[in-house]
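Please look at the sequence and the structure first.

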Amino acid sequence: MKINYTDQEKNAVLLYQGCGVPGDSDVFYQQLDAFQSFNLFLMEGQDGERVRICIEKQQPKCMYIRRWTKTLEVMEDLFRVQCKYACEQVSAGKALPNPLVRDDRKVNVLQMFEEGRTVAFTSTSKDTMREGFLGKKQDPHVLHITLSERVPYLDFEGFWGSAYSYEEEREVLFPPMVEIDCQSSWLTHEHGLGNIQHYNITFKGFCDDTEMMDEKELIAFLAGNAEAAADGLLDIVNNKLASTVLTDKNHIYWQWKIVFRKLAIQRMITIYRSYFA
């Protein structure tokens, strides 16, 4: 079964990959670190901001809040591609190699274990642990991942073929809301990195059991508070505030992020059910 992908869907993949969209002069599509903002908006709580902004000095873009409808559209398109691609691979009798590997931050791993599922778009690799990537993470951990059920995913190498330009990464991207189960863990000592915590985990399926809320209420809140939320994020970025510090400028950002994540997950669940009914 050959599945076609729209130009808009392909552009969403390019933007997430950090390639920029050729031929589109809109600054929205030319940010090489857009994925950092997208994933931050999907993370629950304040640990993402504390680690990524205050410690790792990332600079998520307020533009992606001000233009939140476009941001949401990109996330939906990216997830739709993951659903299409997974269905196409199953139809062709193809499977991913096991295990896949993810080099991650401790804060992400702990939040994922607490929730029992992935909390944002989650990159893995078909290659083994990569010390160069681990060195960029705050308090790095390594996940060794096997799949026990069908889940949406995107193998960038398989998707782009010879046009794939990140051969050293061999990235496979999973969506938020993939159920996980941890089987075992162990420690290793890596030169220059110290002790590294490893986990064997299983991706068990996509969780589509979230209670659905009235989208009109969610949309009204997001539209009415986007400007204030963008200013709040800018306050955190400019001042490198510990994420527990609330100011008049940034308090609405935390509320806005909760609502945005809720709407994004609901949209993904609707898309998932149309492909994996």
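## Salt bridges and charged surface

Both Glu9 and Lys84 are buried. In this predicted model, their side chains form a salt bridge, with 3.0 Å from N to O. Glu9 belongs to helix H1 and Lys84 to helix H5 (residues 68-91), so that distant parts of the chain, 75 residues apart, are linked by the pair. In total, the structure holds 17 salt bridges; three of them are listed below.

| Salt bridge | N to O distance |
|---|---|
| Glu9 and Lys84 | 3.0 Å |
| Arg267 and Glu76 | 2.9 Å |
| Asp127 and Arg170 | 3.2 Å |

Arg267 lies in helix H10 (residues 251-275) and Glu76 in helix H5, so their pair ties together parts 191 residues apart in sequence. Arg267 is partly exposed at 21% relative accessibility, whereas Glu76 is buried at 15%.

Asp127 is placed in the loop between strand E2 (122-125) and helix H7 (131-134), and Arg170 in the loop between helix H8 (156-160) and strand E5 (171-174); the pair therefore ties together parts 43 residues apart in sequence. Through shared partners, salt bridges join Lys126, Asp127, Asp155, Glu157 and Arg170 into one network. Asp127 counts as partly exposed, with a relative accessibility of 27%, and Arg170 counts as partly exposed at 26%.

Glu149 sits in the loop between strand E3 (140-147) and strand E4 (154-155). Because its relative accessible area is 48%, Glu149 counts as partly exposed.

Methods: Residues numbered from 1 in each chain as written. Predicted model: local features only at pLDDT ≥ 70, side-chain atom pairs only at ≥ 80, totals over all residues. Heavy atoms only, no water. Helix = DSSP H or I, 4+ residues; strand = E, 2+ residues; numbered from the N terminus. Buried < 20%, exposed > 50% of the residue type's maximum accessible area, 1.4 Å probe, protein only. Salt bridge = Lys/Arg side-chain N within 4 Å of Asp/Glu carboxyl O.
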